[in-house]
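Begin with the packing, then turn to single residues.

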Amino acid sequence: MTLNELMIRHNFITKVLLRDGDKELSKDLKVKLMGMRIELGKHRKQLDEDLQEAVKELTPEGYKEVASKTEKTEDEKAQVHAWNKLINEEYNAYIEKRGKEEVKVDTSLSEDEFAQIIEVNAGNDVEINGNKLNAADFLEVLYSLFVA
């Protein structure tokens, strides 16, 4: 899977309830899901750190000083605008390239494991990246992402 796909899977797997009231997943499935969350989270954290480093490296010398001025000349405003455009273009190119990188993480679930997830998450409405999904839609996407 690519890093972009990994990010999507991480967003969804972290919303799966391991327990809801008196219903809960089996011990083995909880362990498997937690392992997936941790492994996907490690890759995500590394990417976040790399992106922060990229911004630092892409930021021209003197940018912070000029950008933080409250009173800028027209030349300074134009310079900051040009720098922002350049930083954004290079940053977006870096994100696009990194997002296509392949990573190996086993995120497959069996039909039986998914059936357990349905039992516990049947009423689990979620919000992912600001988008609200009802439980049925959430489970449908989860199936398409994780069931082998």
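Helices (H or I, at least four residues) and strands (E, at least two) are DSSP runs, numbered from the N terminus. The model is a predicted one: local features need pLDDT of at least 70, side-chain atom pairs count only at pLDDT 80 or more, and totals for chains, interfaces and linings use all residues. Residues are numbered from 1 along each chain as its sequence is written, and side-chain values use heavy atoms, with hydrogens and water left out.

Start with helix 1, residues 3-13. Helix 1 is mostly covered, with eight of its 11 residues buried. Buried means under 20% relative accessible area, exposed means over 50%, and partly exposed lies in between (1.4 Å probe, protein chains only). The buried set is Leu3, Leu6, Met7, Arg9, His10, Asn11, Phe12 and Ile13. These residues pack against helix 2, helix 4, strand 3, strand 4 and helix 6. Contact here means heavy atoms within 4.5 Å.

Leaving aside residues up to four places away in sequence, His10 touches Arg37, Leu40, Gly41 and Arg44. Glu5 also sits in helix 1. Glu5 has 37% relative accessibility and therefore counts as partly exposed. Glu5 and Glu101 are 96 residues apart in sequence, yet 9.9 Å apart in space, C-alpha to C-alpha.

Next comes the packing of helices. Two packed helices are described by the angle between their axes and the distance between the axes. Axes are lines fitted to C-alpha atoms, for helices over the stretch in contact, and angles run from 0 to 180 degrees between N-to-C directions. Angles under 35 degrees count as roughly parallel, over 145 as roughly antiparallel, 65 to 115 as roughly perpendicular and the rest as oblique.

How do helix 1 and helix 2 cross? Their axes come within 9 Å, at roughly 130°. Helix 1 and helix 2 are therefore oblique to each other. The crossing is left-handed. That term applies if the near helix is turned anticlockwise from the far one by less than a right angle; clockwise gives right-handed. Helix 1 brings Leu3, Leu6, Met7, Arg9, His10, Asn11 and Ile13 to the contact, and helix 2 brings Leu33, Met36, Arg37, Leu40, Gly41, His43, Arg44 and Leu47. By class, the contact of helix 1 with helix 2 holds eight nonpolar, four polar and three charged residues. Ala, Val, Leu, Ile, Met, Phe, Trp, Tyr, Cys and Pro count as nonpolar, Asp, Glu, Lys and Arg as charged, and the others, Gly among them, as polar.

Now follow helix 2 (residues 27-58) to helix 4 (residues 74-99). The two axes come within 10 Å and cross at roughly 150°. That makes helix 2 roughly antiparallel to helix 4. This crossing is right-handed. Leu47, Asp50, Leu51, Ala54, Val55 and Leu58 of helix 2 meet Ile87, Glu90, Tyr91, Tyr94, Ile95 and Arg98 of helix 4. The contact of helix 2 with helix 4 counts nine nonpolar, no polar and three charged residues.

Helix 2 has another partner. Helix 2 and helix 5 pack at an angle of about 95°, with their axes 11 Å apart. These two helices are therefore roughly perpendicular to each other. Leu29, Lys32 and Leu33 in helix 2 meet Glu113, Gln116 and Ile117 in helix 5. This contact of helix 2 with helix 5 has three nonpolar, one polar and two charged residues.

Glu53 gives a sense of span in helix 2. Glu53 lies in that helix. At 35% relative accessibility, Glu53 counts as partly exposed. Glu53 and Lys30 are 23 residues apart in sequence and 34 Å apart in space, C-alpha to C-alpha.

Which residues of helix 5 (residues 111-121) are buried? They are Glu113, Phe114, Ile117, Val120 and Asn121. They cover an arc of only 120° around the axis, which puts them on the same side of helix 5. The arc is that of the directions from the helix axis to the C-beta atoms. On the other side of helix 5, Asp112 and Glu119 are exposed. The buried residues of helix 5 pack against strand 1 (19-20), strand 2 (23-24), helix 2 and helix 6 (135-146).

Finish at a loop. Asn129 sits between strand 3 (126-128) and strand 4 (131-133). Asn129 is not a glycine, although it has a positive phi of about 50°. Its relative accessibility is 63%, so Asn129 counts as exposed.
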